[in-house]
Structure formats: structure tokens, C-alpha cells
Amino acid sequence: MIVVFGLYSLPELPIELYPNVDFPVVSVLVTWPGAAPESVEAQILEPLERAVNGISGLDKIRSTAFPSAALIVLQFKLEKNSDQAAQDTRDKVFSALGQLPKDIETPIIQRFEIGGTPIVNVALSAQDIPLGKLSKIADDTIRARLQRVDGVAKVELSGDRKREMHVLIDRNRLSSLGLSASDVVNSIKAQNLDVPAGKIETVESYWPLRVLKEIKNTQDLSVLPLLTSGRNYATVGDVANIADTIADEKTAAFENQSPTILLSVYKQAGGNTTTIADDLQETIQKLSRELPKNITLNVVTDDSKYIRGSIGAVKLDLFFGALLAVFVVWLFLRDRRATFISALALPTAVIGTFAFLRFMGFTLNMMSTLGLSLSIGILIDDAIVVIENIYRHLSMGKDAKTAAKDATAEIGLAVFATTLTICAVFVPVAFMEGIVGRFFYQFGLTVAFAVLISLFVAFTLTPMLSSRWLSNSSHQKRHDKIERALEWIDFKYTHILSWALHHRWRTVGIGVGSFAFSLLLLGFIPMSFFPKEDRSQFAVDFTLPENTNITPTKIKSLQIAQFLKQYPGVQSVVSQIGTGADKKPNAARLSVILAPKNQRNYSQQELMQRVRTDLKIFFAEPGSEFSVGQLEGGGGGPTQTIQLVFLSDDREKLVQFTDEIAGFLKKDIPGAVDITTTKAKPQQEYNLDLSLLRATDLGINPSLVAMNTRTLFEGEKTGQFVDVGDRYDIRVKIQASDKQNPDDVIAVGTTKSIASLEEGLAPASIERYNGQKQITVLANYTKSDLSAVIEKIQNHVTTHKPPEVSLVLEGEADLMKKSVASMLRALALAVLLIYMILCAQYERYMAPFVIMMALPLSFTGAFGALLIFNEHISIYTMIGLILLMGLVTKNGILLIDFTLHHMQQGKSVNEALMEAAPIRLRPILMTTFAAGFGMLPVAIGHGEGGEAKSSMGIAVMGGLLMSTLLTLIVIPCLFSLLERSQNKPA
């Protein structure tokens with residue numbers, strides 16, 4: 001039944017990279033056309049921050065004022081439901097609309113996706129199709145179809161320019177008639193009509209009535225009268241040139257050197273990436289057949305490829321780990337039937353766990369499959385111990401049925417205790433606090449359930465098959481080279497143990513010394529939270545000086561893309577300019593797609609470092625900044641390894657101190673690269689200073705002057721025109737030749753009589769954190785020991801910062817700090833639970849204490865192995881160390897449990913140890929080598945993402961080997977000493 005339900009559930013399990021975690025984060029985007037960041041901060045950010053500040057469960061508020069837009073990101077405590085958080089935010093924002101400027105656009109409120117990069121990018125290109133028409137196809141046809149795919153949250157376009165009708169006002173012609181831009185805007189709005197006007201009806205029938213006078217072409221708009229009382233008759237064409245054209249260029253996209261429209265597909269929170277990507281591929285194939293042949297759709301990036309490769313690598317680890325574990329069993333038993341009986345525990349436990357995953361709503365993700373691959377050596381342990389004991393009872397002359405029954409009963413308590421200790425280790429891990437706890441939830445429960453199934457198999461299937469398939473002849477030893485080697489090990493171990501028991505204090509001292517040595521080794525091992533992964537793609541972000549328009553940014557991005565394509569192994573470069581919430585025309589992101597890592601002779605990190613160096617040599621210029629990092633999302637926020645958020649109400653001191661910290665990183669932190677700050681760079685601007693007294697004398701409304709100026713220089717949408725059933729925007733603005741220098745601003749109409757133009761500087765953006773002004777110092781880190789670096793930076797900040805400035809850690813450093821603390825608490829709870837379980841089972845306190853002493857003995861091997869293979873401690877290594885706690889406890893239980901059994905027969909402590917330890921030597925070695933060999937594929941680090949997990953396998957294998965050696969010698973001596981201290985005969 002277990003296998004049947006597991007096989008039934010496996011095809012139903014979706015594949016994902018990480019577990020679906022509900023992050024209660026909500027974003028609010030408010031657009032205010034033409035507004036400066038300082039105005040956005042004062043009139044939008046501050047009122048909205050006050051409005052949302054009282055929402056229950058709110059943890060952090062991060063907000064940014066951009067030109068023409070405000071972005072607020074609300075991060076709630078993890079206990080808050082995301083949908084409820086979004087609804088509470090929506091209620092508060094719309095209740096505060098009365099305090100905001102009247103001409104803002106409707107706020108956009110949505111749940112914020114933490115993995116904020118698109119899962120699929122699709123490039124759209126065509127031959128002999130105008131960009132306006134292609135943009136309409138991209139928006140109305142392709143985007144609409146992709147958004148209907150289940151699980152897709154949104155599809156963003158970059159590089160598109162939709163068709164528009166531009167009313168390009170000639171300032172001289174407008175002024176000669178004594179008119180303003182508002183006259184043109186109001187005239188178009190008043191005469192471009194499609195108004196439902198009720199209905200005509202009789203007793204029997206009715207007919208809807210519409211007032212319909214719509215603009216359909218440039219001629220209709222050109223002859224549209226200007227509604228001006230007391231003035232001569234004039235039309236829109238008399239004051240403006242009408243052009244049927246496309247929208248101004250605000251974004252751009254390129255695939256290598258070819259212009260394209262890029263469609264970036266984002267998944268819904270909780271959506272399954274691989275399923276969505278498959279459905280998208282199917283939809284794109286259908287679209288390619290339906291669209292004209294000169295239109296090409298090309299998937300340029302697809303995150304599901306890495307996910308499948310990564311999960312596939314873990315599955316391969318699982319398969320080969322199982323084969324190696326079974327090989328170890330055969331090596332010790334050299335009996336096909338016994339090996340087969342033991343091996344049955346593996347597929348039964350693994351396949352049965354699939355049913356548990358489906359029942360719990362889990363996915364086949366990195367954490368759940370990693371849990372299975374890590375525990376593959378453990379799953380066979382219980383069956384190994386049981387069948388080895390059955391072999392021993394067969395050697396006593398018992399028949400198979402009696403041997404199976406007696407052996408299982410004799411070893412049952414120890415096997416049950418070892419399984420409970422594994423559960424005691426991983427269940428607390430599953431319920432850790434914080435974000436890491438949400439990710440480890442599936443990992444911990446998967447391991448615990450798989451181990452429980454293996455226990456069930458060891459107590460049922462293993463003895464049942466042994467009683468039928470094994471016989472008295474099965475136990476007969478084969479006197480081959482392997483058996484002679486095992487007998488030699490038994491003989492040597494007996495002599496070493498005898499010597500150790502006669503030198504107990506010295507032996508225990510060796511154990512204590514090894515633990516102290518492991519703590520010394522720990523100081524030489526670097527620590528970071530996320531290991532470096534080779535995903536065959538990375539990003540190059542660059543910004544040009546402020547006030548740079550999109551055209552120079554495009555030229556620079558094409559130059560860099562061509563440069564990057566020259567590196568061997570670079571398959572394509574996808575460029576995006578003017579994207580993101582700020583839509584900055586001077587910012588670009590280049591996504592570099594590499595060949596698979598098995599087709600390259602260098603790692604992704606090596607190429608990133610080379611690119612980082614070369615960009616500074618060939619493309620650096622004053623005011624430009626470059627950053628080379630992983631192509632992965634943090635919800636649209638910064639992805640740099642080091643993120644230091646400095647807060648203060650004193651902006652001058654904040655700027656001065658963050659500049660000092662950036663200099664400190666460059667000078668004193670080796671490995672810190674791409675160092676920058678989010679300090680708003682000064683942007684040159686012109687301020688139109690109105691003389692209110694002069695305006696009053698002339699009867700001019702100052703607000704009308706401001707609105708006319710914004711209409712002319714920013715542009716204003718005044719309605720739509722209709723062409724073949726489709727609607728396109730009509731936009732009024734000044735013609736390009738009349739807005740090329742500052743004097744053009746005051747040369748418009750009545751403006752020159754009441755205004756003067758002043759040059760000034762203003763911040764390009766303003767960032768806030770929990771209501772305070774903030775500047776973040778950002779850097780990538782190319783070395784391994786992030787923990788030591790963060791500690792060094794914090795010490796420097798504490799020593800030198802002014803009292804008005806405070807520091808908040810964000811990003812990987814903050815996550816690592818919280819996660820390590822959470823893991824240590826979970827580990828402490830696990831150790832306590834193990835001790836309580838053992839005390840309850842053995843009804844004594846000293847024996848469980850001795851068993852627990854096997855835990856610190858494993859650290860020497862784990863830390864030593866990491867140091868030898870030049871690995872570092874990461875989140876995966878911590879998982880391995882937790883697993884190690886359960887594994888080494890099992891050896892101590894098997895040893896001490898059998899010793900207590902002999903002591904109950906009236907033997908002294910040392911006599912019991914000398915009889916029990918050699919008997920338990922082989923099952924301990926079998927379980928140790930089975931677990932170690934099962935971990936070998938993980939330690940090798942093959943496949944997608946394998947290099948990130950190899951440190952975990954290395955730590956477990958090293959810890960297992962060293963702890964087994966020490967446990968077999970040190971634990972008996974410690975047990976003997978403690979029993980002697982209680983006045984028991986030795």
C-alpha cells in the first residue's frame with residue numbers, strides 16, 4: 001500500500017526550485033506625471049506612510065520617491081496572510097486619496113513577489129512591420145494570451161512603442177492667437193465624444209441613443225475648432241502639427257545587437273515555475289503558428305531549465321547514493337538475499353514519502369528532494385541493524401523464523417531509539433522561526449517521515465522476508481579476503497578497546513582534545529549564507545550620469561553587449577534599458593546567458609570577475625557605475641551580498657558617513673567589489689519661478705501657467721482616436737524644435753511676462769526606511785568569509801558613526817545572522833529532545849549523557865574535511881551538521897544499549913563493554929559507511945547547483961568517519977568512568 005500510494009502520487013507532484021513560501025509583502029505604486037522626487041516625497045510618500053503605518057502585523061516600510069512616481073514596499077511579519085495584508089493596504093491607501101494630489105493616477109497595489117525576476121523572457125521581432133503595429137500585436141495578442149496562462153501574474157513589455165496621435169503645438173502660432181495649451185486640450189476633450197445619452201422608447205420597443213463624434217484620423221483632428229470665447233475662429237491645425245506616429249521612446253530592448261520587444265513573464269505567488277513554463281512554451285508555439293511568418297517569438301531565458309537540472313541532479317544523487325549504500329551492505333554480508341531484503345527499505349521509504357509530500361501539499365523542490373538524498377544512507381540503517389542481528393542469531397543455531405523474531409525483539413528498543421533521535425533532530429528544524437524556517441519546513445518533515453517509514457519496514461518487512469528467505473546456511477561466513485579483513489578489524493578493535501579501558505582518562509582526554517581542536521579549526525573556515533552557484537547566467541547593471549537620455553544608454557549597452565559576446569561560452573546577451581519602477585533612461589541591465597557549465601572550461605564566478613575587471617578598463621567614465629551579479633531576484637530590490645542600510649533625519653551627516661563607509665569598503669575589505677551607495681545623485685534641473693504679484697496685475701492664473709507648462713513639456717493624454725475598431729491615444733505636447741534649450745520654457749505664451757528660469761540641482765530619487773531618510777551602501781563579495789567581513793564592518797561602523805545615524809543590516813548578511821541564531825536554537829532543542837527520549841527509554845540519566853557525548857566528537861572530522869577541501873560553511877553545510885547530530889547519536893545508542901543488556905546479566909561494566917562493543921562493531925561500521933557512501937554523490941557536487949551542496953556532503957562524510965572512530969573508543973571509556981563514579985564495579 002505504501003508503494004502503491006507513493007507511485008500514484010509521484011506524477012502529481014509539481015517540480016519547483018524552492019518550497020512555496022507565503023511572503024506577506026505588498027507594493028504600492030503611485031504615478032504623478034511630471035512631479036519631482038522632492039514633491040513626490042512630501043505630497044505622496046509622507047501621507048501614505050502615515051496612512052499605512054497602523055496596519056496590524058506591519059514590520060518594515062521601504063519607500064522611494066522617483067521622478068513622476070512613488071513606490072512603497074510594505075513588509076509584514078510572516079504570520080500575516082498575504083491576501084489580508086494586500087486588502088488592509090488597499091483599504092488604507094484608498095482612504096488616504098483625499099490627502100494626495102488630485103492629478104495622480106490610480107494607485108496600483110499588489111502582492112510583491114520575492115523572487116522578483118521573470119521566470120521566462122520572450123523576444124519578439126519582425127521584418128517589414130512598423131514598430132507601432134508590432135507593439136500592438138505584442139500588447140493585444142501576445143501579452144493577452146500569455147497572461148491567460150494559469151499561474152502568470154503579469155507580463156511586462158520593454159522596447160515597445162505604441163501608436164499615438166501627437167498634437168505638436170507650435171508656440172509662436174499659439175501665442176499669436178492669444179491661446180494656451182489648455183485651450184487645445186479642453187477643445188479636444190470637449191469635441192471627441194462617445195456619450196451614452198439614454199434611449200428612445202415606445203410601449204413595444206426601445207433604441208439606445210449615443211452622442212457620437214469621434215476623431216478617426218489626423219484630418220479630423222486638424223479641422224477640430226478651438227473653443228475660445230471672444231476670439232477669432234481657429235482650429236487645432238492652426239496652432240499645431242498633427243502626426244500619426246508612435247509614443248516617445250522610454251524603454252528599449254535588444255537580443256544581442258538586434259532590437260526587440262521583450263515580454264517578461266512573472267509568476268503568481270505560490271505558482272509552480274516548471275508547470276507555468278511548460279504551459280507558456282505550448283502557448284508560444286501555438287502563437288508562432290498563428291502569427292504572420294515574418295514575426296518571430298524566441299524564448300531567451302527560462303528559469304525552469306535550471307530548476308529541472310538542479311532537481312534532476314538531486315534525483316541522480318538519490319539514485320547513486322542508494323546504489324552505493326546497498327553496495328556497502330553487500331560488502332559486509334556478501335549475501336544476495338540479505339542484501340536485497342535490506343535494500344527494499346530504500347525504495348519503500350522513498351516512494352512512500354512521495355505520498356506524504358502530496359498529502360501535505362509539498363512540491364518536489366530542492367529542500368524536499370535534498371532531504372531524501374541526505375537521508376538515503378539513514379533509511380537503510382534500521383534494516384541493516386535488524387538483519388545483521390538476525391544473522392547473529394542464525395549463527396546460534398536458531399531456525400530462520402525464531403532468529404528473525406528474537407533478533408528483532410532484542411534490537412527493537414535500540415532501533416526505535418535511533419529513529420526517534422533522527423526525528424528529534426529534524427522536527428525542530430522544520431519549525432524554526434523566520435524565513436529560513438519556512439524553507440526548512442518541508443525539508444525537516446520529509447526526512448522525519450521517510451525515517452519513520454524505514455522504521456516500519458525494518459520492524460515488519462525485513463524480519464518477515466528474513467524468516468522466509470534466510471536459512472541456517474545463510475549465516476555461514478565466507479572466508480574470503482573481505483571476511484579476513486573484517487576479522488582483522490574485529491581483532492584489532494578488541495585490543496585497542498582493551499588498552500583504552502585500561503587508560504580511560506587518557507582516552508577521554510584525547511576525545512576532549514579533538515573537540516577543542518575542532519573549535520580551533522572553526523576559526524579558519526569561512527562562513528557565508530548562500531554558496532556561489534553556477535546558473536549559467538548573470539547580470540551586468542550599469543548607469544550613466546544623471547540627465548543622460550535613453551539614446552546614449554542604448555549606444556553604450558550595445559557596445560557592452562558586443563564586447564561580452566566575444567567571451568568564449570557566452571551564448572547571448574539580452575539588454576533592457578529604462579525598465580523598473582523608476583524607468584530611468586540612464587540605467588540598463590544586460591542579462592548574459594552562458595553555455596551549460598559542462599561545456600565551459602571556466603566557472604560563472606570566474607567569468608563574472610573577469611567581466612568586472614574588463615568593464616572598468618574599457619567602459620568606465622565619470623559618473624557611470626557598473627555592477628556584476630547573479631541574475632536572480634529579491635523582489636525588485638538590490639541583490640548585492642552586502643547591504644548596509646543607514647538611517648538618519650540629518651541628510652547631510654547621512655551622506656557624509658555613507659561616503660566614508662563606501663571608502664572603507666574599497667580600501668580595507670578585500671573581495672568587496674561593485675561598491676556603490678543609493679545616495680541620490682544630484683540631477684540638474686530648471687525651476688520656473690513665477691512672480692505672483694506680476695501675475696495678479698496681469699490677471700493671469702499661476703496654476704494655469706503651471707498646468708500649461710506641464711502639458712507642453714511633459715505631454716498630456718487628451719483622449720483616443722478610432723481606426724478600424726481599435727483605439728489609440730491622442731497626446732498634446734510642444735513640438736520638439738521648441739523645447740531644446742531652457743529659454744524655450746519662458747518663451748511660451750504668457751509665461752515670459754510673469755516667470756524667470758533658474759538653474760538648480762535636485763536629487764534623482766529619495767529613499768526612506770520606516771519613515772526616515774535612508775542611504776544603502778551596496779557591494780558584492782567575491783570571497784567566502786562573509787560572516788567575518790560583516791563583523792569587521794559592524795565594528796568599524798560602531799566605532800565611527802555619529803549618534804544621529806543608525807545601521808540596519810539587510811540582504812544576505814541579515815538573513816545569515818537571523819538564520820544561524822534560529823538554527824542554533826533548533827539544534828539546542830533537538831539535543832534536549834534526544835536526551836529526554838533516551839532518558840525515558842533507558843530510565844537512567846548517565847547512559848543517555850554518554851551517548852550524547854558522541855555529538856561533539858563529530859565536529860573535528862566535519863571541520864577538518866571542510867578545511868582540507870577548501871570549502872566554507874553555508875546554509876547547506878548547516879543542514880549537513882544537523883544531519884550529523886542524528887547519525888552519530890545512532891552509533892552511541894547501538895553501543896551503549898547492548899552494553900546495558902550485558903550488564904543486566906550481572907557482568908561488570910568493562911566486561912560488558914568488551915563483549916558488546918566488538919559485536920556491535922560491524923553494524924556500526926555498516927551504517928556509517930552506508931550513510932557516508934550514500935552522501936558521496938552530494939559531496940562530488942555534479943550537475944546544476946551541485947557545487948553549492950558539495951560542502952554539505954564533505955562535512956557529513958568527514959564528521960561520520962571521525963565520530964565513528966572516536967565513538968568506538970572514547971564513548972566506552974567515558975561510560976566506564978561514569979559508571980565507576982557511581983560505585984559500580986568496573
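I began with strand β3, where the bridge partner of Leu29 is Leu71. The model is a predicted one, in which I took local features at pLDDT of at least 70 and side-chain atom pairs only at pLDDT 80 or more, while totals for chains, interfaces and linings use all residues. Residues are numbered from 1 along each chain as its sequence is written, and side-chain values use heavy atoms, with hydrogens and water left out.

I then looked up the pairing (at least two DSSP bridges between two strands; strands are DSSP E runs of at least two residues, helices H or I runs of at least four, numbered from the N terminus). Strand β1 (residues 25-31) pairs with β3 in the antiparallel sense over 7 bridges, and strand β2 (residues 58-66) also pairs with β3 in the antiparallel sense, over 8 bridges. Lys60 stands opposite Gln75 in β3. In the hairpin of β2 and β3, with 2 residues between the strands, I noted a positive phi near 75 degrees at Ser68.

Is β3 (residues 69-76) enclosed or open? I found it largely enclosed by the rest of the structure, because 7 of its 8 residues are buried (under 20% relative accessible area, 1.4 Å probe, protein chains only).

Next I turned to helix α11 (residues 336-343) and helix α12 (residues 345-360), whose axes come within 5 Å and cross at roughly 15 degrees (lines fitted to C-alpha atoms over the stretch in contact, with angles from 0 to 180 degrees between N-to-C directions). The two helices are therefore roughly parallel to each other (angles under 35 degrees). Ile341, Ser342 and Ala343 in α11 meet Ala345, Leu346 and Pro347 in α12 (heavy atoms within 4.5 Å).

Notes: Buried means under 20% relative accessible area, exposed over 50%, partly exposed in between (1.4 Å probe, protein chains only). Angles under 35 degrees count as roughly parallel, over 145 as roughly antiparallel, 65 to 115 as roughly perpendicular and the rest as oblique.
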